[in-house]
Amino acid sequence: MDKEKVIDSIIEDVAKSAPEIRSGMESRRDYSGDSNPSDEEELEADIWANQFLKDKITSIDGVGQYASEEEQEVTDCGQGLSVAIDPLDGSSNIPTNNMVGTIVGIYSEELPCKGVHLEAAFYVLYGPLTTVAVARDGTVNEYVLSNRELHLSHEEISIEDKNIYGFGGNKDWFQDFREMEHEISKKYKLRYGGSLVGDFNQMLHHGGVFGYPAKKGYENGKYRILFEGNPMAYITEAAGGKATTGEQRILEVDVDEVHQRVPFIVGHEEMVNEVSQTTSKSD
Ligand code: FDP
């Protein structure tokens, strides 16, 4: 098995599924009545996209495991790399036609495992354009999907500017996080859309800081480490940024459970440091 070729196949198969994923969302915008393993209501599109991408990924020679934010257990499907996927991240945005994406982490170890075992990570953003941001070998490149072909649009992206900020969960923040946010709102422009892929992508291009911190009732924040936290942390670091829980590098967090959550602050190193001085888990 040539590991690099397997990674190529995973990226190509997921990216080139974008036309089907886009059209699949159109007719599946209602809630299904079911919940995912994190107890969040699933849209029909979540369930459908998971099965569609699972069929593709598990049939790639060299993929050994498949884990999804929509499935309780990890599926063994052969020998090789482990794929963790959030098939439709931000799916609560589908009914209102806001940003949605697909996030994929490709790990060298059996799942669940730490983010330091990532070999590559990428996301597809179904925006006005379909773009694919790929972190691999220490660099991040972005491609535009056109006629089912990937065209390089941004090479070696690096998070350089201190421009914007955005944090999820504001209703339930702890007091010191709220006070910190008040201070940085005087210096930077707020942009928050409620879609990890959309908000992260904005930060990646404009520079700044983005996060979903610990909040009341959710001491580990909202994002699932295998499917959301680690892949985005890996992309952040490959783009020269910093990704932390506030206390520790996200990629080094022990992962014992498939649907474990993680507090998440990523972006320009100085801004991340400014924000992550505030790491309370209680008032
Ligand atoms: P969604 O619930 O729509 O699937 O973790 C999933 C996620 O979206 C992220 O994409 C998004 O950043 C976050 O949740 C939004 O959470 P809030 O509704 O609390 O802002």
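The model is a predicted one. In it, domain 1 (3-154) and domain 2 (164-276) both contribute residues to the shell around the ligand, so the ligand lies between them. The space that the ligand takes up is the largest pocket.

**The shell around the ligand**

- There are 13 residues around the ligand, and those that come nearest are S92, Y192, Y212, Y223 and E228.
- Sorted by class, this shell is made up of four nonpolar, five polar and four charged residues.

- S92, which is one of the residues that come nearest to the ligand, has an N or O atom in its side chain that is 2.5 Å from an oxygen atom of the ligand.
- For K222, a polar side-chain atom lies 2.8 Å from an oxygen atom of the ligand, while for D89 the distance from a polar side-chain atom to an oxygen atom of the ligand is 3.0 Å.
- On its own, the ligand has 460 Å² of accessible area, and the protein covers 81% of that area.

Technical notes:
Residues numbered from 1 in each chain as written. Predicted model: local features only at pLDDT ≥ 70, side-chain atom pairs only at ≥ 80, totals over all residues. Heavy atoms only, no water. Near = heavy atom within 4 Å. Polar contact = N/O pair within 3.5 Å; in protein donor to acceptor, adjacent residues only side chain to side chain. Areas by Shrake-Rupley, 256 points an atom, 1.4 Å probe, with all protein chains shown as cover. 1 Å grid on protein atoms, 1.4 Å probe; cavity = no way out; pocket = protein on both sides within 12 Å on 5 of 7 lines; lining within 4 Å. Sits in = over half its atoms within 2 Å of the grid points. Nonpolar A, V, L, I, M, F, W, Y, C, P; charged D, E, K, R; others polar. Domains from an automatic or database assignment.
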